[in-house]
Amino acid sequence: MSALRVAWLTTGRGQGSYGALEYVLRAIDAGLPVETAVVFVNREPGEAEPTDRLMELVRARGIPLETLSSVRFRKARGGERSQPGFPLPAWRREFDREVAERLRRYRFDLGVLFGYMLIVTEELYERFTLINDHPALPDGPTGPYEEVILELIRQGATESGCMYHVVTGDVDRGPVIAYCRYPIRDEANEPLWQAFDPARGTDDPLWQDIRARGLLRERPFVAETLRAIAEGRLAVPPEEPVDLTDAVEAAVRAGSPRP
């Protein structure tokens, strides 16, 4: 069986992005049949310390690294910032066109977005098969993880999950290929639910607890999704989404990537 070759796209802005890539690379070391053809980062060295740390990991592994700052690209063209609920400005398609030109230099089967903080335009998703992570169940809230968790709390949800979907023009709502689920309300954190203060936002202990539960699972979830694709058990897109909860929970219990 030949390895699945992937291009990894990320902004690398925090511990989730770094931890996911590091986990997948360790899973590859342990036998995951995946090769990283290239890592693309929409920042450049010196823009942010967390992203610099991720770049150092990529370089240390000898993986090809492509960087193009979306902020500097926008400023060089005098473009406006993207605004939620409004059409993307013209520079965004220009940026994605340049990203596509860089990525086409590499041979890969699948583009994997993790912590990539830009909405992808047709300049990318019509040229490559791309999948994107989202920190919720298929019918859960959309948006960045900070808002997803706050919305789950507002809803009084008892569970959440992770999912991967095909990137399309329908943001966070492309065809779902895989997901896992986990509890976010149980006896262990019920006191945090009772003490939740919305004024504290992401600093509230309940928000922090739910985020920690997600981080624990989103890393093995990425690896198990790629494993299922590489082994031919999961098509992109599939006839129906695949529930990988059992495999993810087994990896969580093991505490390390499984071979």
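**Entry 1: the second largest cavity**

I began with helix α8, which supplies three residues, the largest share, to the lining of the second largest cavity. I noted the definition in use: on a 1 Å grid over the protein atoms alone, a cavity is a set of points where a 1.4 Å probe fits but cannot get out, and lining residues have an atom within 4 Å of a point. Helices (H or I, at least four residues) and strands (E, at least two) are DSSP runs, numbered from the N terminus.

The model is predicted: local features need pLDDT of at least 70, side-chain atom pairs count only at pLDDT 80 or more, and totals for chains, interfaces and linings use all residues. Residues are numbered from 1 along each chain as its sequence is written, and side-chain values use heavy atoms, with hydrogens and water left out.

I read the volume of the second largest cavity as about 30 Å³, a volume being the space filled by probe spheres set on grid points joined across faces, edges and corners. Its lining consists of Phe 114, Asp 133, His 134, Pro 135, Cys 162, Met 163, Glu 218, Phe 221 and Val 222. Strands β5 (130-134) and β6, together with α8, each give two or more of these residues.

**Entry 2: the largest cavity**

I found two cavities of 30 Å³ or more in the structure. The largest holds about 80 Å³ of space. Among its 13 lining residues, Pro 135, Ile 149, Tyr 182, Arg 211 and Gly 214 are the closest to the centre. Helix α8 again provides the largest share of the lining, here five residues. I sorted the lining by class into eight nonpolar, three polar and two charged residues; Ala, Val, Leu, Ile, Met, Phe, Trp, Tyr, Cys and Pro count as nonpolar, Asp, Glu, Lys and Arg as charged, and the others, Gly among them, as polar.

**Entry 3: the pockets**

I turned next to pockets, each an open set of points with protein on both sides within 12 Å along at least five of seven lines.

**Entry 4: the nonpolar core**

Of its 53 residues, Trp 8 and Leu 226 touch the most other members. Helix α8 (residues 205-230) gives the most to this core, with ten residues. Leaving aside residues up to four places away in sequence, Leu 226 touches Leu 4, Val 6, Val 24, Val 34, Leu 110 and Val 112, contact meaning heavy atoms within 4.5 Å.

**Entry 5: two loop residues**

I located Asn 42 in the loop between β2 (34-41) and α2 (49-60). Asn 42 is buried, with a relative accessible area of 4%; buried means under 20%, exposed over 50%, and partly exposed in between (1.4 Å probe, protein chains only). Its side chain makes a polar contact with the side chain of Thr 11 at 2.6 Å. A polar contact is a pair of N or O atoms within 3.5 Å; within protein, one must be able to donate a hydrogen and the other to accept it, and residues adjacent in sequence count only if both atoms are side-chain atoms.

Lastly, I checked Pro 237, in the loop between α8 and β8 (242-243). The peptide bond from Val 236 to Pro 237 is cis, with omega near -5 degrees.

Methods:
Core = buried A, V, L, I, M, F, W, Y, C linked by side-chain atoms within 4.5 Å.
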